[in-house]
Amino acid sequence: MFFRIILLVVGLALSLGSRLSPRVRSQLSRDMIFVLESLNGVSRSFVVRGRRISSHSGVSADAVCTLRFRTSAIGARIFLAKDAIGQLINGFGSLDVECKGEAAHVLWFYELAMGLLPWRRKTREVWPQSYAKPDLSHKSSSRIIREPAIDSLDSAWLEATEQRDKLVIWQVGQGAVPPGKMKSHKIVINLAADSQNIQS
Amino acid sequence: MSEALELNQRARGWLRFIWDKATTEDDWSSTGDPLPWWDRTSTAPMCAFPRFDLSETSYALPLMADQTPAWREVYTEIADQLVGRYTTFWAAIDWLTLIGPDPNLRNYPPEWLVWMPEQLRGHYNPPGWTANGVKPWGLQPDPIAADGNLFFRGFFNLLLSTYSYVSGDEKWERPFKVTGYNNRLFDWTQHSITGFIENQWAERPQGPHCENTKIWPYCLSAAGLSLQLYDKVFSTSTHWVYEQWIDYAKKYFVKRSRGGNIESFAFYYDPIEKMAYSMPDKLAGYGTLAPLFYLYPQAPEFGRELYESGIQQLGWNSRKDNFVQPIDDPRWLSMVLMLARELGDVTTEQRLASVAEREFGPNFFGDDPDRFAWRFGLEEPYPRGQLNGLMILSEIGEPGAWSQVYNGSYTPQFHLPMVEGVDFPSLGISEAHNDEATGQLHVTTYAATSADSGNETSWRVTQLPDPESVTVYRDGSIFTHWKRIGDKSIEIKSTIGTDRFRIVWSAPGKTSKPLAGKKSIVMGAARSSEASPTSAPTKQYRPAAPSSCSCC
């Protein structure tokens with residue numbers, strides 16, 4: 001029950017955040033469905049569409065990522081823990097938690113949700129001896145050619161524009177799916193048999 | 001004979017494949033396209049550029065050269081081809097085309113957003129977007145002389161140092177051209193690049209920016225390693241800037257618990273945004289382990305502390321637990337496997353090796369098949385160069401061999417008898433080293449191309465003090481199919497296949513002095529870092545028919 005309420009509150013908060021907060025909206029870059037569920041019957045689907053989030057109870061077959069807890073009590077405990085990500089990793093190992101899809105989505109979702117809590121955000125840090133603007137007195141500066149700032153690639157350099165279009169970073173930025181992922185990637189691997197060999 | 005002094009089957013297969021890649025001409029200019037076997041996909045968005053394949057392919061070369069110190073020509077040729085490509089448009093394509101603020105920064109998928117601090121996501125240039133041209137830096141057309149882009153020159157310098165280490169040759173110490181913005185060309189030498197890195201770093205102890213404006217321990221440590229190897233080869237002292245940075249990193253990049261344990265080592269710090277980025281909780285282990293591949297040979301004690309912390313956070317050293325790898329990228333396991341071996345962490349090494357054997361698809365391929373690579377479960381026509389370049393390091397040399405390249409004593413055998421003129425890739429050399437005390441050269445051959453097995457071939461032993469007095473043995477018996485050529489060399493006729501040769505070039509008790517070789521050859525001591533005035537020959541990388549892919 002508690003886990004169901006948590007997921008409901010998270011869904012409402014994210015839904016509201018996606019309407020009011022540019023910070024949240026800027027992270028909702030891809031339409032997708034993310035599912036949290038427990039094996040004892042609690043489930044909620046979080047639907048990202050057009051930089052808005054909505055949620056509904058139940059699972060979705062076309063979820064890009066499903067995070068499944070063995071029980072709702074485990075789900076609630078982990079979700080509210082201060083070191084939730086650490087506990088999730090432990091949960092993967094102990095098989096209390098299963099991730100179908102990419103674990104990076106779990107991290108993204110969790111941090112998106114926690115980012116709604118101002119006290120959970122990272123603070124800025126000023127480190128000493130920072131180099132935050134050109135220092136022309138530096139010896140190495142004498143070798144650097146500095147020209148006026150520009151916002152985009154020289155449009156007259158046509159072949160460079162064509163070559164840039166071939167870069168993964170550019171293609172994905174234009175909406176493509178990141179290429180070349182392992183089809184067989186397993187988040188958890190049982191090495192029990194190998195461990196016996198290691199120990200022996 | 002030490003078994004570890006021979007290249008194993010996998011290393012030979014990898015060498016066969018990178019020879020194909022390096023020596024097949026292609027066009028890395030702004031109007032060309034690198035052949036598709038150059039990996040520009042792995043570890044996006046940070047490393048999805050083909051120059052990372054150039055760098056990572058090179059890492060095996062010094063290890064192999066240390067395995068066969070009396071046979072270097074193939075490693076030299078490969079390293080030379082890698083360096084040549086690194087001077088081109090495609091090597092610097094990010095600095096030359098990812099100009100200004102990223103117009104797509106609101107469109108990156110969640111799995112990429114997690115590489116940025118949460119509150120910056122969606123309005124921050126992602127890792128890999130070098131952002132040449134942004135304020136306050138302005139457009140900087142030279143990819144080497146820049147406020148940022150250590151990301152480029154640090155790895156380049158490491159490749160150049162690698163070339164010097166394996167070749168003993170001064171080609172890239174002479175001026176060469178590097179392609180810049182709008183195809184402007186800039187003159188550099190290996191020495192001037194090193195000098196620039198040292199000067200800039202001396203003035204910026206926090207560390208030069210790897211892109212604009214992030215400071216990554218990963219790329220700083222690669223740049224530091226380049227200085228360490230440079231110092232070793234040229235007997236200079238540029239590496240102090242990294243040692244100074246390590247002190248800084250311990251204070252600021254590392255976060256410790258109240259008990260003093262390392263909690264995280266930032267992936268990067270942005271001095272304009274004033275934010276450091278680390279992953280949370282146990283995932284911080286990835287950031288802790290990330291730079292170690294380069295950092296460990298330079299700061300072993302600190303490196304071991306980081307390693308133990310990172311491994312424990314990820315739980316990869318636990319004998320009883322399941323193995324958990326949250327990030328879907330074989331790079332991490334590949335690097336840590338090599339590190340575990342390097343540090344003598346047998347439990348972790350064996351666990352990771354088990355995963356790699358089961359999941360990464362080690363595979364001999366090609367017509368015979370003579371080539372070797374891991375396929376990583378990817379349905380792609382070519383093996384990933386970046387990932388394989390890291391994986392193969394666990395197959396070469398003994399534990400500690402990686403550190404030995406960079407921080408061990410420098411005792412090249414360039415002045416001793418050398419094996420040259422080998423018809424590679426038909427014939428390969430898996431063992432070639434001199435025993436100076438007994439005046440013997442040990443050489444083991446193998447068929448690098450199985451289809452050529454049994455064919456006749458010949459190769460030379462050069463720099464012999466007295467070719468007249470040489471005795472050659474094959475598999476323990478006197479071997480007579482050789483002849484003297486010139487004053488200092490002999491030519492040995494053999495067949496393509498596995499044979500063990502022993503060339504006795506100095507009688508026991510006789511103190512024959514080995515010869516100095518050609519002018520560029522290292523005499524066992526470090527070389528001068530003075531640049532030679534003549535230009536390095538310009539290598540052309542023209543389009544070539546992507547010769548039939550031998551792997552599919």
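How many cavities of 30 Å³ or more does a search of the whole structure find? The search finds seven. Let's visit some of them in your viewer.

Before we start, note that this model is predicted: local features need pLDDT of at least 70, side-chain atom pairs count only at pLDDT 80 or more, and totals for chains, interfaces and linings use all residues. Residues are numbered from 1 along each chain as its sequence is written, chains are lettered from A in the order in which they are written, and side-chain values use heavy atoms, without hydrogens and water.

**How the spaces are found**

Rolling a probe the size of a water molecule over the atoms shows where empty space is left. On a 1 Å grid over the protein atoms alone, a cavity is a set of points where a 1.4 Å probe fits but cannot get out, while a pocket is an open set with protein on both sides within 12 Å along at least five of seven lines; lining residues have an atom within 4 Å of a point. Points are joined across faces, edges and corners, and a volume is the space filled by probe spheres set on them.

**Stop 1: the largest pocket**

Select Arg120(A), Lys122(A), Met279(B), Pro280(B) and Asp281(B), the closest to the pocket's centre of its 32 lining residues. The volume here is about 1000 Å³. Now colour H5(A), which gives the largest share of the lining, three residues. Helices (H or I, at least four residues) and strands (E, at least two) are DSSP runs, numbered from the N terminus.

**Stop 2: the largest cavity**

Next, select Glu102(A), Trp115(B), Ile327(B), Asp328(B) and Asp329(B), the closest to the centre among 34 lining residues. This cavity has a volume of about 480 Å³. Elements giving two or more residues to its lining include helix H4 (84-94) of chain A and helix H14 (330-343) of chain B.

**Stop 3: the second largest cavity**

Pick out Thr43(B), Met46(B), Cys47(B), Trp216(B) and Tyr218(B), the closest to the centre of the 16 lining residues. About 170 Å³ of space lies in this cavity. H14(B) gives the largest share of the lining, three residues.

**Stop 4: Val178(B)**

Finally, select Val178(B), in strand S1 (residues 176-179) of chain B. Is Val178(B) buried or exposed? Val178(B) counts as buried because its relative accessibility is 0%; buried means under 20% relative accessible area with a 1.4 Å probe, protein chains only. Its contacts (heavy atoms within 4.5 Å) beyond four places in sequence include Thr87(B), Phe156(B) and Trp188(B).

Technical notes: Buried means under 20% relative accessible area, exposed over 50%, partly exposed in between (1.4 Å probe, protein chains only).
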